[in-house]
Amino acid sequence: MGLVAALLEILQKPTFGEVILELGMFMAPIWIAVLIGVLVGWSWKPKWANLAIDSVPTTHVPALQNLSFGFSTLKLQVPSWIKETHSPPSISSSTSSSLQLEAEKSVVTDADLRYLDGLVEEQDGGPAWIQMMDRSTPTMSYQAWRRDPETGPPQYRSRTVYEDATPEMLRDFFWDDEFRLKWDDMLIHAETLEECPTTGTMVVQWVRKFPFFCSDREYIIGRRIWESGRTYYCITKGVPCSSVPRRNKPRRVDLYYSSWFIRTAESKRDGRMTACEVLLFHYEDMGIPWEIAKLGVRQGMWGAVRKIDPGLRAYQKHRASGDPISRCAFMAQVNTKVDIENLRSMGSENNVSEIEPEDSPEKPAGRSIPRFLIVGGAIALACSLDRGLLTKAVIFGVARRFAGIGKRL
């Protein structure tokens with residue numbers, strides 16, 4: 001009825017010119033929204049929704065980027081009628097148990113250790129870090145930074161100090177995939193594919209749940225820990241694995257780097273060395289526009305980080321109970337001893353950039369979506385969807401933030 005009343009009011013204008021002008025002003029926003037919505041659907045989908053799997057590089061070496069954010073960051077819920085479902089690929093237990101990494105063919109090497117140390121010492125030659133967050137609770141404090149390299153996805157650095165925790169407990173906690181499944185609700189499948197009992201190197205398969213119009217993501221991760229005193233360099237990165245065939249769903253993430261530097265720290269309560277500091281460096285290319293990924297990280301970062309502390313406290317109780325530790329936690333205790341000062345002196349002659357990938361993926365032109373398309377597409381989407389948790393408020397809120405109408409990312 002409101003629409004009819006508006007049309008009648010327009011038709012009652014005294015002159016024909018005024019009627020035409022009012023009708024044009026009335027209809028123009030609707031047609032513009034429809035047109036822009038069509039343009040968004042046409043230009044967006046080929047860039048990431050149907051990204052050709054064959055075009056993704058199969059090998060990558062660290063260049064830096066995170067979150068233990070593990071992309072809990074895009075944890076926007078969508079109604080069940082538009083969610084994609086699938087069963088994660090499985091690897092037979094016999095295959096998993098029979099495969100072992102040989103030390104001389106390790107997928108994580110001293111070059112990776114030198115790279116992580118360069119990040120810790122802020123001597124990697126990358127752009128300056130921009131602080132994003134500074135939060136705390138009674139049992140933890142958290143700071144996060146981001147930077148945008150000339151090529152590759154956004155890179156993240158975080159510093160977390162956990163009260164009443166040891167470096168060894170945090171090392172085992174982050175490595176224990178069996179227990180991670182209990183507190184990390186984004187992880188829906190974890191399996192060890194290969195391991196080396198000599199160096200502690202592992203190759204694991206993860207499948208993480210990705211809402212917000214995305215299929216789930218598969219990760220083949222190589223990981224290894226170096227120990228220097230009670231300081232631990234825990235490196236994880238995407239590696240190729242011929243024993244696990246690539247599938248359309250879940251989509252495999254090849255470019256992945258997430259590594260921790262763990263050591264004791266002063267407690268903010270009494271100044272004693274009873275706390276533990278964790279520096280995390282993370283990046284990944286999930287096959288979605290990087291601006292949208294940055295928005296998701298910014299909006300979901302603190303919610304994801306807060307879940308880690310209760311998981312850690314539950315893990316401490318689990319270990320204190322005397323129950324047998326998992327295989328992953330056992331492998332976390334197989335570390336390579338290193339004299340980090342000696343490593344630095346040996347590596348000073350080599351430019352740390354030598355361990356970066358030779359062909360770093362440049363920022364695809366299709367990943368930067370014009371702001372007017374985002375806003376217009378949101379208008380069209382909001383006019384057509386009004387179900388479940390995907391409300392008009394969420395659509396317009398995301399579009400406004402992404403387009404820079406509010407605070408810049």
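What is the mean pLDDT of the protein chain, and what share of its residues reach 70 or more? Then take me to helix α4: which of its residues are buried?

Author: The mean pLDDT is 75, and 63% of the residues reach 70 or more. pLDDT is the predictor's confidence in each residue, on a scale from 0 to 100. This is a predicted model, in which local features need pLDDT of at least 70 and side-chain atom pairs count only at pLDDT 80 or more, while totals for chains, interfaces and linings use all residues. Residues are numbered from 1 along each chain as its sequence is written, and side-chain values use heavy atoms, with hydrogens and water left out.

Two stretches call for caution. Over residues 378–396, pLDDT stays under 50. The model still has 25 contacts there beyond four places in sequence; a contact means heavy atoms within 4.5 Å. Residues 405–409 also stay under 50, with eleven such contacts. Where pLDDT is low, predicted coordinates should not be read in detail.

Now the setting. The protein chain has twelve helices and eleven strands. These are DSSP runs, numbered from the N terminus: helices are H or I with at least four residues, strands are E with at least two. Of the 409 residues, 48% count as buried. Buried means under 20% relative accessible area, exposed means over 50%, and partly exposed lies in between (1.4 Å probe, protein chains only).

On to α4. The helix is mostly covered, with nine of its eleven residues buried. They are A111, D112, L113, Y115, L116, D117, G118, L119 and V120.

L116 is among the contacts of S259 once neighbours within four places in sequence are left aside. S259 counts as buried because its relative accessibility is 0%. Its side chain makes a polar contact with the side chain of Y257, at 3.4 Å. A polar contact is a pair of N or O atoms within 3.5 Å; within protein, one must be able to donate a hydrogen and the other to accept it, and residues adjacent in sequence count only if both atoms are side-chain atoms. A polar atom of the S259 side chain also lies 3.4 Å from the backbone nitrogen of T236.

A salt bridge is a side-chain nitrogen of Lys or Arg within 4 Å of a carboxyl oxygen of Asp or Glu. Side chains of opposite charge can pair when their charged atoms come close.

Just after α4 comes E122, with a positive phi of about 55 degrees. E122 is a residue other than glycine, and its place is the loop between α4 and β1. Most residues other than glycine have a negative phi, and most peptide bonds are trans. D164 also has a positive phi near 55 degrees. D164 lies in the loop between β3 (155–162) and α5 (167–175). It counts as partly exposed because its relative accessible area is 44%. The peptide bond between K249 and P250 is cis, with omega about -5 degrees. P250 is in the loop between β7 (231–238) and β8 (251–253).

D124 forms a salt bridge with R147, and the closest N and O atoms are 2.4 Å apart. The pair links distant parts of the chain: D124 is in the loop between α4 (110–120) and β1 (130–137), R147 is in strand β2 (residues 140–147), and 23 residues separate them. R147 counts as buried because its relative accessibility is 2%. D124, at 10%, counts as buried too.

R146 pairs with D148, the closest N and O atoms being 3.2 Å apart. R146 is buried at 8% relative accessibility, whereas D148 is partly exposed at 31%.

Further along, R223 and D177 meet in a salt bridge at 3.2 Å, N to O. This pair also links distant parts of the chain: R223 is in strand β6 (residues 217–228), D177 is in helix α6 (residues 177–183), and they are 46 residues apart. Both are buried. The whole structure holds 25 salt bridges.
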